[in-house]
Amino acid sequence: MSAQAASPTLPLLSRVPGVAIVLVVLCAIFGALSPGFTTPANIANILTQSTILLLLALPMTVIIMTEGLDLSIGAVLTFSSIVLAVTVLATGSVTLAFLAALAVGLCFGLANAALVALLDIPPFITTLGTLGIAQGLSLLVTDGQSVVGIPRSIEHIYSGTVVGIPLPIVIAAIAYLATHALLYHTRFGTYVFALGGNREALRVAGISVRGMLIRVYAFGGVMAGFAALLMTARLNSAHPTAGIGMEFDAIAAVAVGGTSFERGNGWLLGTLLGVIALGVLRDGLNLLAVPSSTQVACIGALVIVALFIDGLRSER
Amino acid sequence: MADVPLFELRGISKEFPGVKALDDVSFEIRAGEVHMLVGENGAGKSTLMKILCGAYRADRGEFFNAGKPVTIHDAGAARQFGIAVIFQDFTLVPYLDIAQNIFLGREFAGRVPGFIDRRRTYAEATRVLDGIGFDIDPREPVHSLGVAQQQMVEIAKALSQDARILVMDEPTAALSDHETEKLFAMIARLKAKGVAIIYISHRLSEVFALGDRITVLRDGRKIADLLPKATTPDQLVTLMVGRPVDTTYTRPERPVPGEVALEVKNLSGPSGFSDVNLTVRAGEIVGLCGLVGSGRTEVARAIFGADRVTSGEIRLFGAPIAESIEAATRRGMALIPENRKTQGLALARSVGDNIVLVSLRKMFPSGIFVPRRALKAARAVIDKLRIATPTPRRPVGTLSGGNQQKVVIGKWLNADAKFFIFDEPTRGIDVGAKSEIFRLLDGLVHNGAAVLMISSEQIEIVHICDRAYVMRSGRVAGELAHHELTEANIVRLGIHQ
Amino acid sequence: MSTIADKTVRPQLALSHDVMQAFYRLLAVALICVVLALLSDVFLTMNNILNVLRQTALLFLMASGLTLVILTAGLDLSIGANVALSACLSASVIKLTGSPLLGVLTGIGCGFLIGLANGVLVTALRIPSFIATYGMMWMLTGVTYYYMAGETIHGFPASFRHLGSGYLFGVPMPVYVMVLFLLIGGLFAQRTIWGQQIYAIGANPVAARLSGVPVERRLVLVYAMSGAMAGLASLIILARINSAQGDIGEDLTLPAVAAVLVGGTSLFGGSGTVAGTLIGALILTLVLNGMNLLQINSSWQPLVTGVIVLLAVWIDTRTRRIGE
Amino acid sequence: MKYLTLGAVAALATLVSGAASAGDETIAVFTKNLTNPYFQAVRVGTETAAKKLGVKVIQYIPTKPDSIPEQLSQVEDVIVKKPNAIIFIPVDYKAMVPAVEKINAAGIPVTNITDRAAGGKFVAYVGANDYSIGLETARVLMKAIGGKGNVIILEGVKGSLTNTDRVRGFNDAIKENPGVKLLASQPANYQRLNALQVMENLMQSFPKIDGVLAANDPMAVGAIEALEGANRKAAVVGINGSKEAVELIKSGKLLASGDFNGFIQGCIGTEIAVRNLRHEATPKEVILKPVVIDKTNFGPYQTPVEQRTCPTLQSLSAS
């Protein structure tokens with residue numbers, strides 16, 4: 001909601017279609033067909049499940065707005081989560097472990113930034129490479145085993161609640177609001193629009209494009225670190241395959257949310273809706289006990305339909 | 001006081017690998033004057049300005065701000081001296097609003113560090129926009145603005161940096177006369193405020209209409225520093241080109257118009273034109289004028305099959321034509337689009353590749369592509385149009401504007417097109433190249449081709465065309481036979497009474 | 001604007017760049033071979049070389065079609081899923097009819113149709129290829145899972161399996177298929193007007209359209225070809241492992257993308273060659289083969305692949321830089 | 001965003017009454033993926049038994065094969081739906097413990113089959129001992145190659161419980177035969193193509209390979225194809241007793257396959273779950289004794305799982 005008030009550049013009405021329509025339709029269908037769907041418990045359930053993906057989709061939106069991409073974010077999440085678990089087992093200090101996870105995320109973020117900004121390697125390729133690296137490191141550190149036996153205190157980060165609201169939702173909400181403020185109310189955000197829209201404008205304005213790119217990808221890495229904390233807490237363990245393919249889910253969510261891959265035309269609220277739409281779809285299909293194979297096909301259909309609707313709109 | 005220039009560059013030299021872009025150029029700017037900077041493309045105008053605004057660093061040379069020696073090492077420094085540039089290709093961010101664009105890089109800090117004080121931003125933006133008499137909501141996203149409006153935003157942006165020195169690089173290139181008048185009015189207002197304006201232009205009319213002083217560059221050297229009153233256009237052009245050129249290009253005798261090449265009946269389309277009627281005969285050049293946004297380009301694109309039409313009929317050489325580009329090209333229609341970089345050429349591909357692109361089917365009906373034959377054809381075109389390139393293998397993006405335009409025309413010649421639509425064929429092309437293009441047009445019609453030419457420069461239309469249609473808000477406001485073809489008439493028909 | 005600006009290259013390096021690209025890559029191949037030859041005495045045996053080529057063939061077949069797509073500045077993430085479905089369908093056709101020929105036709109046909117669908121999504125529905133083919137990937141996988149219901153189809157006539165595991169004059173069949181399609185692909189891209197148009201579309205779609213190039217139809221063609229190649233690859237796999245299973249196409253897509261990129265084709269479209277893709281595929285296969293020969297912990301494989309991709313592209317950007 | 005958080009508050013406020021409607025007895029079955037025939041056999045097993053016992057089973061399978069987060073999500077979704085019982089194969093025996101605890105917390109009786117979860121409360125565990133199956137299958141191969149020669153191990157997905165135990169079994173069998181030399185032990189992730197290519201590469205390094213120990217049937221098949229491709233002979237064994245494997249044994253290409261019998265595990269798992277629902281006595285643990293299918297005994301395995309009948313607990317304990 002606050003998005004349209006805060007961002008005159010994005011009149012909400014012109015954006016509503018695509019994702020919003022899909023989301024409403026999905027909710028209507030599942031609500032009608034499955035009594036379990038509308039129960040508060042289930043809604044809380046959907047939102048909680050969406051939190052990790054949201055933490056990845058937020059920075060992905062920002063990165064895609066700069067005409068970039070981060071394919072490594074899922075693998076980085078995995079590796080951070082492993083480092084977190086290993087550290088906590090070694091030192092027993094949750095804080096230290098969490099910091100370690102953030103550090104790993106930051107390092108990969110900076111690595112991506114360095115390759116993109118300093119060596120001018122296209123983001124897709126850069127992050128495809130770092131994806132492999134993070135993946136490999138995860139396997140090497142764990143030898144394919146899941147890391148277990150971490151203290152319960154970490155698990156509470158996922159299962160705990162604040163004034164009755166599940167902690168993950170609170171964290172995700174904070175992350176969303178923070179990103180929103182960052183994108184629509186700060187210099188950083190303004191320059192993100194410029195990175196995708198017209199880099200020359202930044203240069204003329206005397207702002208370092210490289211510096212900005214570095215910040216953007218670092219942001220992605222750090223958010224992956226946070227997501228790693230939730231993921232580890234959720235699994236109460238770390239596993240070298242836990243985050244595989246999440247980068248594509250995140251990208252799909254962003255695209256479904258109506259952010260375009262060109263000219264810095266992005267919409268953060270759309271990303272939020274996109275993430276929830278994916279969550280609703282999976283949850284609803286499970287409640288309806290739809291065969292897994294059909295579920296797989298539905299996810300693909302969702303992505304295409306949402307973008308198709310946006311496409312129709314953009315034609316006029 | 002007055003003889004101490006506001007800002008001065010002395011003995012500026014700049015080399016790029018292989019090229020001496022600037023050689024010991026001196027240049028001074030005085031408060032409240034419009035200083036015309038002229039010269040053919042590649043004369044070093046842009047380089048000089050980039051150095052002035054800190055985008056490039058000079059190899060040698062000094063700067064003086066109000067007589068005091070200073071250095072300009074980056075854009076920030078230049079801004080401190082109140083130097084602002086409005087570049088040809090705008091520096092606006094499409095999905096930010098006007099206010100955000102105006103203050104890009106100079107946002108007003110809010111209470112929280114890093115945050116922006118929005119209220120102040122919009123207040124200031126409104127103030128600046130009012131200052132230049134541009135009445136628009138600063139919350140408008142820039143991507144929804146027209147070219148002219150975007151340029152106003154550019155100017156507002158520059159002035160908001162309370163610029164004392166404003167550099168304009170071909171500001172009217174994208175403007176209709178109507179809009180140009182507004183721009184000139186504003187320049188007058190700025191002068192009054194004591195702002196110095198450096199104005200780069202290829203349009204002699206402007207140079208003499210606006211300029212208080214003219215500096216001529218050629219091949220990176222300063223050739224002359226003149227006063228308009230004491231100069232004639234021919235002198236000026238001779239200085240620019242280094243050889244005498246007739247700018248008042250006189251139209252040679254044209255053949256008697258032949259069969260009807262193009263016939264458009266009650267054409268209407270969603271892109272904003274309705275009930276358009278045109279005829280173009282073989283052997284004549286017909287102008288299509290009117291303000292930017294009056295639907296000229298849209299009609300042209302529709303005729304070419306690039307845009308949809310809702311009703312009406314298009315006949316090419318008598319036969320109706322299916323609205324598709326392929327059909328049009330196969331039937332010998334050609335479009336030379338207004339923006340050659342984004343619409344005309346595959347810049348990374350070689351000159352040869354671009355030249356044969358249209359005629360692939362014709363040249364290789366079997367579908368098998370034979371590089372040798374392609375190169376041969378390309379060379380023929382290159383010679384015919386005197387395109388300055390050592391080899392057809394050279395990426396077309398590395399050629400000068402004029403030569404790029406020739407390549408665009410060349411690919412249609414190679415496809416032996418019979419009906420040509422030229423959309424702003426001389427935009428951003430220097431005087432020398434311009435008259436070459438005109439001769440080319442002549443050559444075409446003499447060989448029995450027909451030409452429909454869109455131009456924002458009435459003078460061109462008057463000089464080159466046999467007839468002209470004038471459009472106003474999507475409709476043909478009138479047709480001007482050759483004897484009625486005057487700038488005055490064009491303007492009269494073109495603007496709303 | 002900016003991307004177009006990026007594409008303007010200076011003449012002298014326009015030549016030298018391609019030359020250096022090829023040079024660096026062949027150098028890399030040679031280097032890897034030397035190292036492996038030193039470290040492993042079996043590397044240079046005829047068997048192993050043929051073995052490497054056979055494995056390269058598979059990767060190349062998938063990557064060759066993809067190269068054309070990437071030449072138009074597009075992407076096809078559905079080839080892996082495409083392989084899975086095509087393989088399973090043609091497998092059951094062979095089982096039912098016992099005719100390898102029908103099976104081959106089914107496989108290629110299925111792949112082709114899927115590619116066609118991608119083409120329509122990208123052109124008619126104007127969905128960015130990245131997303132369109134990603135969605136397609138999910139849908140195909142769903143269909144495959146549903147169709148196979150966790151079962152496997154196993155045991156095909158020798159004549160069919162010959163395609164994957166057979167030899168001709170001591171050289172594995174897939175290698176011939178690879179060479180054949182290297183020629184076809186190379187000729188199509190360099191020596192046909194469609195190839196020329198495809199490069200033009202990649203370099204500047206607007207200019208291509210305004211030059212009378214049927215952009216939509218060419219794009220559809222390109223995606224269809226990519227699909228057909230995936231279908232063909234699925235047959236080779238099928239013939240080699242002599243059985244089809246739902247997960248057959250898993251993790252085949254990104255390696256193919258990697259091969260194209262290592263092969264020096266630009267993601268921005270308009271520049272790259274099918275031959276380059278072959279070298280790319282060869283490099284990746286050689287490294288994995290070497291790691292197997294040296295019995296290096298397989299956990300290293302993703303890491304090494306990643307580094308290679310980065311290295312290859314970095315060298316490209318460097319060679320571009322040198323000219324400027 | 002505001003709405004969502006509000007919704008969540010409301011949600012938690014009334015969490016207490018978050019129950020789904022209860023119809024006839026339904027049992028939710030969790031398996032690892034849609035692609036491995038083994039789990040298909042398990043699913044068929046549960047359905048066959050369910051038909052017999054007059055209950056309804058619903059299958060839950062991650063859309064991404066073996067995806068930990070996804071199975072966790074499915075568990076959370078299912079808890080909302082409150083089935084009467086759950087039959088559970090964890091995609092990862094350690095990482096899924098929190099999921100099991102969630103089920104326990106929701107008070108839904110859960111029966112663990114195939115992979116023994118590292119924690120959580122279960123009605124019972126039904127499975128085969130991967131170690132002993134690995135051991136027995138390997139022993140068959142050792143006998144076939146006369147207790148001497150060179151063998152290769154094709155491992156499954158690193159870190160999966162089944163793989164670790166099976167490979168341990170293999171190695172112990174090898175230790176029993178001092179004449180046998182282990183040339184290499186490479187992972188091929190339970191996948192055909194991987195197995196094929198790993199095998200091809202290994203054959204380059206090792207001119208003489210007498211036996212191949214594959215941790216599942218698809219890898220065994222991959223190895224066989226590789227061997228045939230190079231016209232080389234070696235005794236190959238796999239594990240799972242899949243339809244495909246049985247055919248190969250019949251045709252003599254595959255020496256043997258350890259019968260991990262997912263079908264029976266599905267049957268027994270379901271029977272136990274139902275007995276537990278009906279408050280009948282149930283064993284805490286059923287370990288199927290390892291059977292190795294080879295030329296001598298493959299007959300009965302030719303009937304496709306769909307047509308097999310479920311053995312009962314008694315019949316098992318009887319035999």
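Leaving aside neighbours within four places in sequence, Ser138(A) is in contact with Thr78(A), Phe79(A), Ile82(A) and Pro240(A); two residues are in contact if their C-beta atoms, placed from the backbone, lie within 7 Å. The model is predicted, so local features need pLDDT of at least 70 and side-chain atom pairs count only at pLDDT 80 or more, while totals for chains, interfaces and linings use all residues. Residues are numbered from 1 along each chain as its sequence is written, and chains are lettered from A and ligands numbered from 1 in the order in which they are written.

Ser138(A) sits in helix H7 (residues 123-142) of chain A. Helices (H or I, at least four residues) and strands (E, at least two) are DSSP runs, numbered from the N terminus. Ser138(A) counts as buried because 29 C-beta neighbours lie inside 10 Å. A residue is buried if 20 or more other C-beta atoms lie within 10 Å of its own, exposed if 12 or fewer, and partly exposed in between, with C-beta atoms placed from the backbone. Val76(A) is 62 residues from Ser138(A) along the chain, and their C-alpha atoms are separated by 8.9 Å.

Chain B and chain D are joined by no contact; their closest C-alpha atoms lie 21 Å apart. The contact of chains B and C takes 30 residues from chain B and 29 residues from chain C. On the side of chain C that touches chain B, helix H1 (2-7), helix H2 (11-39), helix H9 (193-203) and helix H10 (205-210) of chain C each supply at least two residues. H9(C) gives the most to this side, with 7 residues. By class, the residues of this side divide into 15 nonpolar, 10 polar and 4 charged. Ala, Val, Leu, Ile, Met, Phe, Trp, Tyr, Cys and Pro count as nonpolar, Asp, Glu, Lys and Arg as charged, and the others, Gly among them, as polar.

Chain B has a mean pLDDT of 83, and 94% of its residues reach 70 or more. This score is the predictor's confidence in each residue, from 0 to 100. Within chain B, confidence is lowest in helix H18 (residues 487-494), at a mean of 75, and highest in strand S18 (residues 450-454), at 92.

Strand S17 (residues 419-423) of chain B is largely enclosed by the rest of the structure, because 5 of its 5 residues are buried. In a regular strand the side chains alternate between the two faces of the sheet. Both faces of S17(B) are covered. Phe419(B), Ile421(B) and Asp423(B) are buried on one side, and Phe420(B) and Phe422(B) on the other. Two strands pair if DSSP finds at least two bridges between them. S17(B) pairs in the parallel sense with strand S16 (residues 333-336) of chain B, over 4 bridges. Ile421(B) in S17(B) is the bridge partner of Leu335(B). S17(B) also pairs in the parallel sense with S18(B), over 5 bridges. There, Phe420(B) stands opposite Val451(B) in S18(B). S17(B), helix H16 (residues 431-446) of chain B and S18(B) make a right-handed β-α-β unit. A crossover is right-handed if, with the strands pointing away from the viewer, the path from the first strand over the helix to the second runs clockwise.

Elsewhere in chain B, 4 strands form an open sheet with antiparallel pairing, in the order S12-S11-S14-S15. Strand S12 (273-281) and strand S15 (319-320) of chain B are the edge strands, each pairing on one side only. S15(B) pairs in the antiparallel sense with strand S14 (residues 311-316) of chain B over 2 bridges. Arg315(B) stands opposite Pro320(B) in S15(B).

Gly54(B) lies in the loop between helix H1 (45-52) and strand S4 (60-65) of chain B. Gly54(B) is buried, with 22 other C-beta atoms within 10 Å. Not counting residues up to four places away in sequence, Gly54(B) touches Ile72(B), His73(B), Asp74(B), Ala75(B), Ala77(B) and Ala78(B).

In chain D, the assignment gives domain 1 (22-128 + 262-289) and domain 2 (130-259); such bounds come from an automatic or database domain assignment. The centres of the two domains, taken over C-alpha atoms, are separated by 30 Å. Their contact takes 5 residues from domain 1 of chain D and 7 residues from domain 2 of chain D.
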